Amino acid sequence: MGRTKRKRPGRATEPARAAVPAAVASVLGNDVLLAETLLRLDLPTWLVRAALACRRWLRRASDPAFLRRFRALHPPRVLALRVSAVGFSREMRCLPVPQSPGLAAAARRALTTLRRSDLCDRRNGRLLVSIQDPDPTKFTTYAVRSLLNAARGDEPIPQPPRSSPQRLLRNGSGTCSCNLLCLLEEDADSTSCLSLNLSYNYEELAADFSLLQTGVWGVTKSSVTQLPQSIMDTIVAHKLLVGRKFYMMTTLGYILGLDLTTASLFTVQLPADIRNSTSFMLSRPQQSGLYLIGAKEFILHVWHGDGMGQWALVDTISVPEACSHLNVRRWVPDNIKTAPVLVLETGENAEFVFLELVASGMVCRIQLSNRAVERVYLKKTEDVIRPVTMVWPPVFRVLS
């Protein structure tokens, strides 16, 4: 009898080898399973790379419904921080934020851009910057820079219109003014923005504003309303542009709003449970409404409203519990009247919040979706934090 050849151990037969790509194709050829696989990529940068595989992967990765799920699981990360001192000091620092290797290049680009000029506003990868002229007799100029495309260079903005809203005030004594430039939601024109001039005393607030669209400033519109609060409270109040409505916090139990379409001022009542909170700020929603994040003692509350006064509590977080791994040595300030937790900055869609733990001077960032907490730095002065986040939605290359 002839000898039967024995198969070498570890070597797959031809049918087994053929079954491997078939099994892979059965998984990646299924749109549902492909979406579940792409959802586990963690970073939008990796999602963009995966979309280069083929047109089918590109269609799945760029699908709006898929991107909504991806953002819910993996909110845009903070790339860098611009920290500036309050008051007349020009001190400004640009701080890196701990990053994964997949975001290192984007973080370096953000830091480089922030160091080159003063930051007026930022929105989804666009930075509105002011450029000081060495000649003090010349006006400050403004431009928009892109985080995504550094080679594009500055897109200059025409000089904003000059106005005097204080002329609307009945009592001009003790008047204080400020000028704001805010980026509008990007349509076809990436330089569209709002120029808003506010004047206020202890009794009233007057506003003059104009919109820049397609490179032309529109007609200046004005409005005035009562605002019986201190000038300092008005200066430091959190201000936010959402769509065509501008919101400003007050110490009077309501938010003051300005409708840019009708040039009318209105009020939005705060939730009853948050009126005695020690610190709260607004957050721009991804779709509709308005988010409100407030700290009351050691508890963080997250509210979502319709922008007209109807609120729903969506989350409650114990700050000591969330920050237990940070080894905070002191929680209670020496002055018992001092708030122990302050809200310094919020991200869009209430995705993250920067908190100051006052007794220790520690500043930390909480990702609200998963309670992930990172220590950012130790605060030494009355700092203003401006985080720069990733671009969303991701920009995909068109495959030929």
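**Entry 1: strand E4**

I looked up strand E4 (residues 126-131) and found 5 of its 6 residues buried, so E4 is largely enclosed by the rest of the structure. I took buried as under 20% relative accessible area, with exposed as over 50% and partly exposed in between, for a 1.4 Å probe and protein chains only. Helices (H or I, at least four residues) and strands (E, at least two) are DSSP runs, numbered from the N terminus.

I note that this is a predicted model, in which local features need pLDDT of at least 70 and side-chain atom pairs count only at pLDDT 80 or more, while totals for chains, interfaces and linings use all residues. Residues are numbered from 1 along each chain as its sequence is written, and side-chain values use heavy atoms, with hydrogens and water left out.

Next I checked the partners of E4. Strands count as paired if DSSP finds at least two bridges between them. Strand E3 (residues 118-123) runs antiparallel to E4, with 5 bridges. Arg122 sits opposite Leu127 in E4. The hairpin of E3 and E4 has 2 residues between the strands, and Asn124 has a positive phi near 50 degrees there.

On to strand E5 (residues 141-146), which is antiparallel to E4 and joined to E4 by 6 bridges.

**Entry 2: strand E17**

I then turned to strand E17 (residues 290-296). How many of the 7 residues of E17 are buried? I found 6, so E17 is largely enclosed by the rest of the structure.

Strand E16 (residues 279-283) pairs with E17 in the antiparallel sense over 5 bridges. Ser279 has Ala295 in E17 as its bridge partner. The hairpin of E16 and E17 has 6 residues between the strands, and Gly289 in the turn shows a positive phi of about 90 degrees.

E17 is also joined to strand E18 (residues 299-305), by 7 bridges and antiparallel. Leu290 stands opposite Gly305 in E18. E17 and E18 form a hairpin too, with 2 residues between them, and Glu297 in the turn has a positive phi of about 60 degrees.

E20 and strand E21 (residues 352-357) are antiparallel and joined by 5 bridges. Leu342 is opposite Glu356 in E21.

I searched for cavities and pockets on a 1 Å grid over the protein atoms alone: a cavity is a set of points where a 1.4 Å probe fits but cannot get out, a pocket is an open set with protein on both sides within 12 Å along at least five of seven lines, and lining residues have an atom within 4 Å of a point. Grid points are joined across faces, edges and corners, and a volume is the space filled by probe spheres set on the points.

I counted 1 cavity of 30 Å³ or more. The largest cavity holds about 60 Å³. Its lining includes Leu198, Phe246, Met248 and Gly257. E14 gives the most to this lining, with 3 residues. By class the lining has 8 nonpolar, 1 polar and no charged residues; Ala, Val, Leu, Ile, Met, Phe, Trp, Tyr, Cys and Pro count as nonpolar, Asp, Glu, Lys and Arg as charged, and the others, Gly among them, as polar.

The second largest pocket has a volume of about 590 Å³. It is lined by 20 residues, with Thr45, Val48, Arg109, Leu148 and Val395 nearest its centre. Helix H3 (44-50) and helix H6 (104-115) are the elements that give two or more residues to that lining.

**Entry 3: the whole chain**

Last, I noted 8 helices and 24 strands in the protein chain. Of its 400 residues, 46% count as buried.
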